[in-house]
Amino acid sequence: MTYPKSLQELGALLELEKSSDGLVSIERLLILHHHGESYPVYGIVIGPKEGDVPTFGIYGGVHGLERIGSQITISYLQSIVAQMHWDKDLKEFFKTSRIVSIPMINPGGVAKLSRSNLRGVDLMRNAPVDAVNPISFFSGHRFSNWLPYYRGKEGEPMELENQTLEAFIYKYHFTSSYSVALDIHSGFGFRDQIWYPYAKSTENFPQEKEVLSMLKLFKETVPHHVYKIEPQSKNYVVNGDVWDYFFDKHYQSSERGNRIFLPLTLELGSWTWIKKNPFQIFGKTGLFNPIKKHRFSRTMRRHLLLLDFLRRVVKNYN
């Protein structure tokens, strides 16, 4: 199939499957059509597609302007595939654990240089979750899709992209004995941050003990890491956060048993890029992505330790 040239990342994604000698499975989960163009959403699985094996999920491109999330995700997957050609231990890892990913959840928004999807809905404000004391218009509203942070009409199903993400999460994370999902965003702050739930409330979420134990291990393993680690609600409270929705669905399920699902957000501190290159603020994507080539390359390298830690920690969760 054809897709807009502005989505060159999708071409790199499909090359992964071709070069993986059957080790990578890529599935077209959804096709969105708009003004004669097609916008596919792809899901990737490395490792067993069935069973309750430990699972690390990486997600990007929820907000179309934040292209860097998709680029980091695909770059990491490319690195994993390249290593599997010579690293026998890594091949063994994928016999009993898996990586899953939707690198570009909102391809229409990426192609159209829009935070929202093709229907003008902010996918990260779209879940049926209402925040406790939301702080502002920024927290999500239902006035009009002409305005940013639009949640969609009350009572309507979630957008197709989020329904697709939900089905993917149910299939691979909810069946897993232990799973971590990392959703990559940008556009906030001077420092890279790791956020854990909740976004809807300042109350502690039920599995805070487990996530703090994991993140304590990260601090011990990578003592000179660059991240500020805290609940998302310490920065702002929002309506409709899909990861709050997925977490609560999993935690409240009568079928959950002892399974653990921990959703995290990696929020890239894009204000540093603007501080170093103020002129990029005049471009539509300049607030959210590194423009200079050397900063882009540095960003691709910067998070490899975190991503590889999360891959290994799910395998060794016990």
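Trainee: How should I read the packing of helix H6 (residues 208-221) and helix H10 (residues 304-315), and at what angle do their axes cross?

Mentor: Two packed helices are described by the angle between their axes and the distance between the axes. Here the axes of H6 and H10 come within 11 Å and cross at roughly 125 degrees, the axes being lines fitted to C-alpha atoms over the stretch in contact, with angles running from 0 to 180 degrees between N-to-C directions. Helices (H or I, at least four residues) and strands (E, at least two) are DSSP runs numbered from the N terminus.

This is a predicted model, in which local features need pLDDT of at least 70 and side-chain atom pairs count only at pLDDT 80 or more, whereas totals for chains, interfaces and linings use all residues. Residues are numbered from 1 along each chain as its sequence is written, and side-chain values use heavy atoms, with hydrogens and water left out.

Trainee: Which residues make the contact between H6 and H10?

Mentor: On the H6 side they are Met214, Leu217, Phe218 and Thr221, and on the H10 side Leu306, Phe309, Leu310 and Val313, where contact means heavy atoms within 4.5 Å.

Trainee: Where does Thr299 sit, and which residues does Thr299 touch?

Mentor: Thr299 is found in helix H9 (residues 293-302) and is buried, with a relative accessible area of 3%. Beyond neighbours within four places in sequence, the contacts of Thr299 are Ile68, Ile72, Leu268, Trp273 and Pro290.

Trainee: How many residues of helix H2 (residues 67-84) are buried?

Mentor: In H2, 13 of the 18 residues are buried, so this helix is largely enclosed by the rest of the structure.

Trainee: What do the buried residues of helix H5 (residues 160-172) pack against?

Mentor: The buried residues of H5 include Leu165, Phe168, Ile169 and Tyr172, and the buried residues of this helix pack against strands S1 (24-34), S2 (37-46), S3 (55-59), S4 (98-102) and S8 (260-268), as well as helix H7 (242-251).

Definitions and conventions
Buried means under 20% relative accessible area, exposed over 50%, partly exposed in between (1.4 Å probe, protein chains only).
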